[in-house]
Amino acid sequence: MNQTEILANLGLSKTEGRVYIAALELGESLHSTLAGKAGIKRPTLYYEALPSLLAKGLITETIKGKRKYLAAQDFEPFLENKKNQLEEAEKLVPQLRLLLATATSKPKLLLYEGVEGIKKVWFDHLTQKQPILEFVGIENIHPELQKYLKQYYILERSKRKIPEKMLISGVTVAGILKVKTDPYELREVKVLDGKLFPIPLSCDIYGNNVSFTLHRKDSEPIGLIIRSKEIATIMRSVFNLIWSGKIDFLA
């Protein structure tokens with residue numbers, strides 16, 4: 001992304017971004033000079049971009065003699081304010097989820113297709129920030145998904161301090177993935193007999209959610225999220241029963 005696109009993602013319009021970058025390049029300048037540098041008309045500067053940039057503290061206006069000059073300001077205070085706003089918004093998440101849970105009409109099933117869809121399902125594990133219980137077979141996992149798990153998902157899960165227990169059916173090594181118990185990655189692993197308990201996908205239980213992903217390179221990638229306390233409860237019970245060893249599927 002170019003500079004204007006990055007600024008747009010942070011809340012500046014395309015015009016505001018162009019004006020701010022032009023102001024940085026010019027230093028202190030007259031209105032007409034800044035408008036010309038940004039490639040916009042003076043009325044657009046006066047009535048569209050400048051009021052907002054002044055309010056955001058990204059540009060200041062000073063008077064010298066009979067003329068007004070504009071100068072760009074440091075971007076860091078604006079960015080810090082954005083971070084504070086995000087932190088405040090994150091505090092609302094539990095309340096908003098409670099409202100969603102009590103709504104009369106709410107999504108129960110979320111279906112995703114393709115490799116990118118599976119990434120969205122796995123990213124949901126991270127946003128929910130709940131301990132993860134996983135049934136999985138990693139044989140023949142799609143190479144792109146191997147990279148996503150190795151280079152992002154595992155690291156981010158550990159960073160967010162989300163523990164995971166895995167019941168792996170069959171092999172524990174596939175491509176660049178080598179899955180084992182690792183306290184640094186907050187992961188416990190037990191291996192299932194692949195013949196007694198074959199698992200050609202992954203099933204994850206986290207909070208009041210259950211996800212299924214068909215992630216093999218020889219099948220059509222599909223991901224499904226079920227938001228249901230009851231379904232999550234029964235799947236968690238099955239996982240814990242097998243994990244305890246009371247049903248002997250362990251290799």
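Analyst: Happy to! Let's start with L92, which lies in helix α5, residues 76-102 (helices are DSSP runs of H or I with at least four residues, strands runs of E with at least two, numbered from the N terminus). The model is predicted, so local features need pLDDT of at least 70 and side-chain atom pairs 80 or more, while totals for chains, interfaces and linings use all residues. Numbering runs from 1 along each chain as its sequence is written, and side-chain values use heavy atoms, without hydrogens and water.

L92 is partly exposed, at 42% relative accessible area (buried is under 20%, exposed over 50%, partly exposed in between, with a 1.4 Å probe and protein chains only). Together with L96 and L99, L92 makes a nonpolar surface patch of about 290 Å²; patch residues have over 30% relative accessible area by the Shrake-Rupley method and no salt bridge, and nonpolar side chains are joined within 5 Å, like charges within 9 Å (a salt bridge is a Lys or Arg side-chain nitrogen within 4 Å of an Asp or Glu carboxyl oxygen).

Elsewhere in the chain, β1, β3 and β2 form an open antiparallel sheet in that order, where pairing takes at least two DSSP bridges. The edge strands are β1 (29-30) and β2 (59-64). Between β2 and β3 (67-72) there are 6 bridges, and K64 has R67 as its bridge partner.

Two loop residues also deserve a glance. K129, between α6 and β5, has a positive phi of about 55° and is exposed at 53%. L186, between β8 and β9, has phi near 55° and is partly exposed at 31%.

Definitions and conventions. Accessible areas come from the Shrake-Rupley method with a 1.4 Å probe; for residues, only the protein chains shown count as cover.
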